[in-house]
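Reader: I am new to this structure and would like to learn how to read its features one at a time. Could you take me through them slowly, with the general idea before each case?

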Amino acid sequence: MRSHVAPNNQIVRLGLAATVGMTIFIAFGETCNAQSVDEEPRRFELRIENGRLTGTAKTVQVRRGDAVELIWSTDRRSVLHLHGYDIEITVDAGKPQTMAFRARATGRFPIEIHGGRHTVLVYLEVHPR
Amino acid sequence: MGMIRTKLFTAVSIVLPALGSEASAHALAQRYDLPLPLGYFLAAAGAAVAVSFVIVALFGRHDIEPARPIDHAILRGTIPTPIVALLQVLSVGALALIVSAGLFGDQRTFKNIAPVAVWVIWWVGFSILSAFVGNIWALINPWSTVFGFAEALARPWAKLSLRLPYPRWLGAWPACGLLLLFAWIELVAPGRDVPRNIAAAILIYTGLTWAGFVVFGRDAWLKNGEVFSVVFGFIGRFAPLEFTHDGHWRVGLRSFAAGLLTREPLEPSMTAFVLLMLGTVTIDGLMETPPWAALVEWFLAGRGGVDANPAAYGALQTALLVAGPLFLAVLYLAVVAMMARIARSNIPGLGGMFVLSLVPIAIAYHLAHYFSMLMVAGQFIIPLASDPFGYGWDLFGTMLYRVDIGVVDAKFIWYLSVVAIVTGHIVAVWMGHVTACSVFRDVCIARRSQYPMLVLMVAYTTLSLWILAQPIVEPGAK
């Protein structure tokens with residue numbers, strides 16, 4: 001028996017099947033993600049020495065909706081900029097400063113030390129709930 | 001708390017003067033996408049492989065008819081001339097605005113409409129529009145519009161075009177060269193976010209395009225030399241709307257991807273063009289991945305790092321930009337050679353038959369890669385529309401609009417990526433098989449001929465997913 005289905009119809013059917021499959025996948029994914037928003041701020045103490053972050057952390061990870069406090073201390077005057085959220089602070093040696101904000105947008109945002117060259121100190125990762 | 005500027009949702013305004021010169025992997029970088037989590041990556045890659053086998057199995061059971069003629073449109077209509085004219089006037093006006101803003105406006109990237117309008121709205125926006133709606137560029141190409149108008153005006157007195165016969169050997173090679181140059185400007189060239197440079201590039205390209213129209217006639221140059229007509233033309237073959245011109249503009253409705261099924265093989269230069277398109281799309285993403293950054297940093301470590309060697313870094317990027325598409329071309333030609341061996345036939349133009357079946361994978365990847373950038377960076381057009389020159393105007397009352405960086409949730413992008421890439425892969429595999437059936441006329445041979453193609457497709461899809469699963473980094477930034 002010969003099949004007389006036009007190829008573009010077959011493409012449409014397969015596309016539909018895939019879409020249905022993915023919808024089920026999405027629906028399943030969504031049910032696993034009901035969590036509440038923490039009211040307690042997520043605090044991170046970060047220290048810069050010689051223009052670099054001490055320790056080995058490459059990312060600061062929070063969840064969407066978290067209240068976040070990044071507490072910065074440095075060994076010299078530094079201008080720090082959190083991209084995306086666009087928060088800029090100037091930190092002097094011995095006088096810690098805080099970036100406080102609510103993580104309303106998901107994404108991966110570089111925090112750079114400005115002045116001369118722009119160097120990424122650490123990435124803020126805001127993950128979806 | 002200190003001096004904190006908590007402008008949560010904001011134009012990246014304060015620090016922008018420095019942004020234009022910053023090294024970044026893409027024009028107007030500032031992409032804040034989270035990498036695709038491992039689970040999504042594995043689910044999508046697994047689905048792509050599984051689906052490939054399912055399609056192969058399906059093809060074993062049926063004797064499939066050769067692909068139908070390419071005239072797939074189910075509905076056809078004519079677009080009213082006033083609508084076309086209006087769109088064309090808007091398009092020419094937009095180009096004039098972009099060029100004058102670039103030349104005379106504020107030179108800071110986000111204080112001038114040119115960079116966002118060109119890199120985000122037009123280049124990213126139009127490629128997505130071309131893929132999912134139709135190749136509207138064909139209707140509104142401003143260079144073609146102005147030249148056509150000038151030709152019509154001059155007709156009683158003179159012919160504007162020499163209409164020399166277009167040399168066959170030249171084919172679409174001019175468009176290939178221009179695409180490579182454009183990709184280089186997009187991904188490598190320093191100063192590509194500077195409004196004046198953009199305006200200058202547009203003016204030069206305008207001159208070149210009109211020269212092409214004058215020498216070879218408008219149609220010949222649009223087909224072979226006007227790179228954006230060729231790019232959006234190929235991408236637009238995936239779209240459900242098909243625009244054709246025969247004195248009036250006609251629109252036809254067809255199924256997605258139907259326009260990519262060819263009966264006639266592509267010319268070698270067109271095949272090269274498609275491979276170049278596919279290659280540069282991937283290289284764009286590859287240049288933001290940690291392994292590439294590590295390679296660059298390792299290479300430049302002995303010479304003082306990336307910052308001290310902008311030229312060497314540019315040279316490395318250029319090398320990758322050339323090597324990537326070449327590598328893809330070699331792989332593709334090897335696959336075609338294997339296909340010919342399996343089929344034991346020497347069909348002329350075999351290489352021009354299968355290249356378009358890879359396009360859906362690239363379109364899916366492009367959507368996944370750029371959707372959030374279009375939605376976030378694209379918002380800059382709202383304040384800039386009110387103040388295109390950065391003179392402090394407020395034409396539409398939107399000058400103070402603040403960009404909402406939270407407009408698309410990462411989870412939405414992840415699902416979109418997985419759905420788009422798996423669907424793109426399915427369509428690609430299916431198209432390869434349909435084409436093989438019509439070329440080889442024998443289901444068994446057709447099926448076996450597609451094994452090497454299947455490997456290439458799975459590899460291309462997996463690479464696309466892998467790039468999406470990488471955190472975005474800049475070489476030398478850390």
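Author: Let us begin with helix packing, where axes are lines fitted to C-alpha atoms, for helices over the stretch in contact, and angles run from 0 to 180 degrees between N-to-C directions. Please keep in mind throughout that this is a predicted model. In chain B, helix H3 (residues 81-104) and helix H4 (residues 113-132) pack with their axes 8 Å apart and at an angle of about 135°.

Reader: Which word describes how H3(B) and H4(B) lie to each other?

Author: Angles of 65 to 115 degrees count as roughly perpendicular and those over 145 as roughly antiparallel, and H3(B) and H4(B) are therefore oblique to each other. On the side of H3(B) the contact is made by Leu97(B), Ile98(B), Ala101(B) and Gly102(B), and on the side of H4(B) by Ile113(B), Ala114(B), Ala117(B) and Val118(B). Sorted by class, these residues divide into seven nonpolar, one polar and no charged.

Reader: At what angle do the axes of helix H7 and helix H10 of chain B cross?

Author: The axes of H7(B), residues 173-187, and H10(B), residues 227-236, cross at roughly 90° and come within 9 Å. That makes H7(B) roughly perpendicular to H10(B). H7(B) contributes Ala175(B), Leu178(B), Leu179(B) and Phe182(B) to the contact, while H10(B) contributes Val227(B), Phe228(B), Val230(B) and Val231(B). The classes here are eight nonpolar, no polar and no charged residues.

Reader: How should I read a pair of aromatic rings, and how many aromatic pairs does a search of the whole structure find?

Author: A pair of aromatic rings is described by the distance of the centres and the angle of the planes. Over all chains, the search finds 36 aromatic pairs. One of them is formed by Phe126(B) and Phe232(B), which are 6.0 Å apart centre to centre with 50° between the planes, a tilted arrangement. Phe126(B) lies in H4(B) and Phe232(B) in H10(B), so the pair ties together parts that are 106 residues apart in sequence. Phe126(B) is buried, with a relative accessible area of 15%, and Phe232(B) is buried as well, with a value of 0%. Another tilted pair is that of Phe389(B) and Trp393(B), whose ring centres are 5.4 Å apart and whose planes stand at 55°. In that pair, Phe389(B) is buried at 11% relative accessible area, whereas Trp393(B) counts as partly exposed at 37%.

Reader: Which residues form one aromatic cluster with Phe126(B) and Phe232(B)?

Author: The cluster also takes in Trp119(B), Trp122(B), Trp123(B), Trp137(B), Trp143(B), Phe182(B), Tyr205(B) and Phe228(B).

Reader: What is chain A built from?

Author: Chain A has one helix and ten strands, and from the N terminus on its elements run β-α-β-β-β-β-β-β-β-β-β. Of its 129 residues, 51% are buried. Among the contacts of chain A with a separation of 6 or more, 59% join residues 24 or more positions apart.

Reader: Is Leu80(A) buried or exposed, and which residues does Leu80(A) touch?

Author: Leu80(A), which lies in strand E6 (residues 78-82) of chain A, counts as buried at 0% relative accessibility. Leaving aside residues up to four places away in sequence, Leu80(A) touches Ile48(A), Trp72(A), Ile87(A), Glu88(A), Ile89(A), Val91(A), Met99(A), Glu112(A), Ile113(A) and Leu121(A).

Reader: Where does Arg108(A) lie, and what is the phi of Asn50(A)?

Author: Arg108(A) lies over the face of Tyr123(A), at 3.8 Å from the ring centre. Asn50(A) has a positive phi of about 55° although it is not a glycine. Asn50(A) sits in the loop between strand E2 (42-49) and strand E3 (52-53) of chain A, and Asn50(A) is exposed, with a relative accessible area of 60%. In chain B, Arg163(B) also has a positive phi, near 50°, and is found in the loop between helix H6 (142-154) and H7.

How values were computed: Residues numbered from 1 in each chain as written. Chains lettered and ligands numbered in written order. Predicted model: local features only at pLDDT ≥ 70, side-chain atom pairs only at ≥ 80, totals over all residues. Heavy atoms only, no water. Helix = DSSP H or I, 4+ residues; strand = E, 2+ residues; numbered from the N terminus. Parallel < 35°, antiparallel > 145°, perpendicular 65-115°, else oblique. Contact = heavy atoms within 4.5 Å. Nonpolar A, V, L, I, M, F, W, Y, C, P; charged D, E, K, R; others polar. Phe/Tyr/Trp six-rings, centres within 6.5 Å; stacked < 30°, edge-to-face > 60°. Buried < 20%, exposed > 50% of the residue type's maximum accessible area, 1.4 Å probe, protein only. Lys NZ or Arg CZ within 6 Å of the ring centre and 35° of its normal.
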